[in-house]
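Subject: Model for you to look at

Hello,

Here is the model I said I would pass on. Please open it alongside these notes.

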Protein chains: 2
Amino acid sequence: MKAKIVTIGDEILIGQIVDTNSAWLATELNKKGIAIDEIVSISDRREAIIETLDDALRTHDLVLATGGLGPTRDDITKQSLCSLFRCGLKDDIESRRHTEAMLRERGIPFTDLNRAQSLVPEACSVLFNRNGTAPGMLFERDGHFLASMPGVPYEMKTIFTEQLAPRLDKMFKLGSVYHKTMITTGIAESILAQKIEQWEESLPEGVKLAYLPNPNGVRLRLSSYTLAGDKAEQAVNEAFGELEKIIADNIIGFEGDTIESVVAELLTSRRQTLSVAESCTGGRIASRFTVMPGASDYFLGSVTSYSVAMKSAVLGVPTQMIEQEGVVSTAVAAAMAEGVKRLTGSDFAVATTGVAGPTGGSEETPVGTVCMAVATPGGTVTDRRVFNSEREVTIERASAYVMNMLREQIKKEGR
Amino acid sequence: MKAKIVTIGDEILIGQIVDTNSAWLATELNKKGIAIDEIVSISDRREAIIETLDDALRTHDLVLATGGLGPTRDDITKQSLCSLFRCGLKDDIESRRHTEAMLRERGIPFTDLNRAQSLVPEACSVLFNRNGTAPGMLFERDGHFLASMPGVPYEMKTIFTEQLAPRLDKMFKLGSVYHKTMITTGIAESILAQKIEQWEESLPEGVKLAYLPNPNGVRLRLSSYTLAGDKAEQAVNEAFGELEKIIADNIIGFEGDTIESVVAELLTSRRQTLSVAESCTGGRIASRFTVMPGASDYFLGSVTSYSVAMKSAVLGVPTQMIEQEGVVSTAVAAAMAEGVKRLTGSDFAVATTGVAGPTGGSEETPVGTVCMAVATPGGTVTDRRVFNSEREVTIERASAYVMNMLREQIKKEGR
């Protein structure tokens with residue numbers, strides 16, 4: 001069983017949008033044991049669409065296409081599908097009624113463009129789009145399937161989850177790809193590779209290791225393409241069990257776990273709370289916690305103190321300390337963490353102060369320097385690092401670094 | 001001239017990472033007038049790499065490949081390139097010395113894996129990697145070129161900018177693709193399409209319009225693939241000039257402009273300042289401003305007041321108001337904005353309070369409801385919206401919405 005993802009749209013080819021749909025779809029298909037062997041982005045020219053989809057349908061059992069179903073003139077996927085399947089358009093009444101209702105609710109008039117959107121090729125079965133006005137479509141040719149969905153991510157996701165996924169289970173006898181990924185942090189890829197070299201060599205036949213580094217750390221993925229169902233899971237879990245003995249301190253958790261999700265879980269289960277004081281990370285840490293559902297259970301609040309005045313007035317950092325130690329110092333980081341902890345009455349607090357760049361560095365405090373602190377019920381720990389990276393990456397890395405310091409402290413306090 | 005991007009790595013095909021490199025590369029190539037007609041992601045299996053690159057080199061003048069150059073066993077791009085170009089590996093002394101120096105600086109030992117990374121296929125010219133340990137490589141076959149670069153985004157970007165881009169100018173006689181994109185906000189795609197239908201029909205021959213919607217608004221791209229150099233730019237600028245007459249209020253600016261960059265520019269040029277009070281957006285607004293270089297010129301700070309206590313204690317929102325009006329109310333949003341403005345002494349302040357979901361909604365205040373306020377030197381304006389979307393999208397949309405309210409207020413105050 002081979003599957004391929006095709007994303008349609010000049011906006012991808014000229015780099016104006018990043019294709020996030022493919023990664024999401026690939027993840028969902030993998031969960032079902034459907035392996036993708038190619039993802040391709042093509043132009044929204046009629047010939048490119050027809051040729052690519054025709055070819056993909058010939059070589060793949062399943063083709064998932066996204067994009068080009070909007071209400072406007074440059075969206076020509078539907079017409080191209082009519083050519084490919086040699087059929088005309090038909091009205092899909094359910095989609096039209098749904099669009100009318102949606103627009104009415106928002107007070108937007110129903111236009112001819114909306115009416116055109118609820119037309120679908122006669123050869124398809126409709127994949128109802130609960131979140132939007134462009135219906136998804138499913139086609140079959142010689143036992144191979146093609147699904148076409150809108151490019152708007154949350155519309156595509158709902159159509160896939162509610163409409164397509166249940167049908168896939170029926171359409172295919174699914175194989176047995178199994179992946180599991182361990183999330184590590186605080187260890188460089190090359191050091192990690194040496195540390196676990198022997199372990200890697202002892203992996204069972206058919207189990208493959210991959211390293212996936214990102215600014216938060218290195219993720220280690222084990223994949224089994226040959227072992228059947230339970231055996232794959234068992235072999236992978238045993239291998240990870242062995243790995244835990246080697247790098248216990250660096251393990252955050254498994255796929256889906258992030259530093260912040262692990263911290264959130266630790267705090268929620270212990271009924272403890274968190275607050276944040278940010279300077280150079282500018283709200284990123286608060287944002288990473290609050291984007292997760294349930295943040296209000298443990299997250300009390302944060303202060304982004306960009307100005308020196310705010311550091312002293314709101315967080316109570318002594319002006320004298322700022323003058324003597326410098327605003328980028330572990331002393332100021334500690335005072336910021338303790339200040340926001342006091343202000344909010346939280347059990348834990350983290351703080352950052354640094355030079356994210358690209359300007360503002362000095363010889364003593366080069367661009368990329370970040371001082372970080374974690375205030376706990378038992379005291380405050382600090383650290384100072386120079387992240388050799390561009391502004392956004394420094395913000396990301398410093399956030400991850402101090403959040404991991406927090407994770408370690410919560411675990412220590414709990415012992 | 002046809003170009004193709006090939007990203008290598010199972011991690012993309014199983015959806016564990018989102019391919020952002022392709023969009024960046026596509027943007028840079030487009031600026032040079034090099035059009036990409038296909039982006040493809042393939043597995044890091046040896047046969048897939050060799051076959052895809054071989055084929056791409058046959059059909060395209062330029063192939064840019066990223067990924068699979070890390071220090072670990074699953075990184076096999078280099079060996080595959082040796083097979084493709086029928087050559088062995090050679091030591092690249094400059095890369096090896098650079099790696100040694102980099103690791104020494106960070107106190108990381110130089111391992112055999114690092115040594116292996118500084119080997120390159122004999123058939124390539126090296127594209128020096130200033131930010132990392134895996135050198136980029138440039139190959140030629142029958143007048144077609146293949147560049148292979150690491151998948152780590154900031155390494156790839158530096159190699160492209162410093163090493164490859166200058167060579168492209170010499171290697172190719174470049175064509176004349178021209179794109180310009182106008183950024184709009186606050187108008188739905190279908191309404192916009194009707195409003196500018198006549199304008200679209202009057203576009204000159206060879207100029208094409210595309211709609212690119214995202215949670216911040218709709219971007220309108222005009223592309224010229226046929227007109228030569230200056231004429232393309234002139235035709236596009238004239239067309240946008242006409243468009244400004246139709247939708248002036250909805251225009252943020254052009255490609256590269258964001259609501260926050262326009263606000264930053266307005267504030268910086270007027271020497272005015274901003275502070276932020278966030279509840280449901282949880283630090284996202286502060287983060288969007290502070291990720292931009294130069295934020296400290298106008299951004300004084302922010303308070304993320306997740307707890308009710310923090311809203312009253314730090315921002316001075318009267319407890320009685322919260323009880324009477326509810327914590328999600330325009331009155332509380334206004335009091336938050338005024339509170340943080342007072343606290344920081346800023347000229348402007350924005351505030352949000354809402355229910356991002358997925359739980360916590362009620363009949364009066366359904367999930368997705370956000371109350372927003374902008375405090376200005378002349379007074380405070382508020383708005384209340386229900387964003388029908390998932391948690392993260394609601395946070396994104398509410399942030400964009402109130403930032404646009406701020407943009408409008410700053411422009412008004414300045415008149």
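Below is what was found, from the whole chain down to one residue.

This is a predicted model: local features need pLDDT of at least 70, side-chain atom pairs count only at pLDDT 80 or more, and totals for chains, interfaces and linings use all residues. Residues are numbered from 1 along each chain as its sequence is written, while chains are lettered from A and ligands numbered from 1 in the order in which they are written.

Chain A first. Its C-alpha trace spans about 80 × 60 × 40 Å along the principal axes. Chain A has 16 helices and 17 strands (DSSP runs numbered from the N terminus: H or I of at least four residues, E of at least two). Of its 415 residues, 49% are buried (20 or more other C-beta atoms within 10 Å of the residue's own, with C-beta atoms placed from the backbone).

The domain assignment, automatic or from a database, gives chain A domain 1 (3-171), domain 2 (178-254) and domain 3 (259-413). The C-alpha centres of domain 1 and domain 3 of chain A are 44 Å apart.

Now the pair. Chain A superposes on chain B by a rotation of 180° with 0.0 Å of shift along the axis, RMSD 0.0 Å (least squares on C-alpha atoms of residues with pLDDT of at least 70 in both). That is the relation of a two-fold axis.

Last, one residue. B:Ser275 sits in strand β13 (residues 274-278) of chain B. B:Ser275 is buried, with 30 other C-beta atoms within 10 Å. B:Tyr298 is 23 residues from B:Ser275 in sequence and 8.7 Å away, C-alpha to C-alpha.

Best wishes

Notes:
A residue is buried if 20 or more other C-beta atoms lie within 10 Å of its own, exposed if 12 or fewer, and partly exposed in between; C-beta atoms are placed from the backbone.
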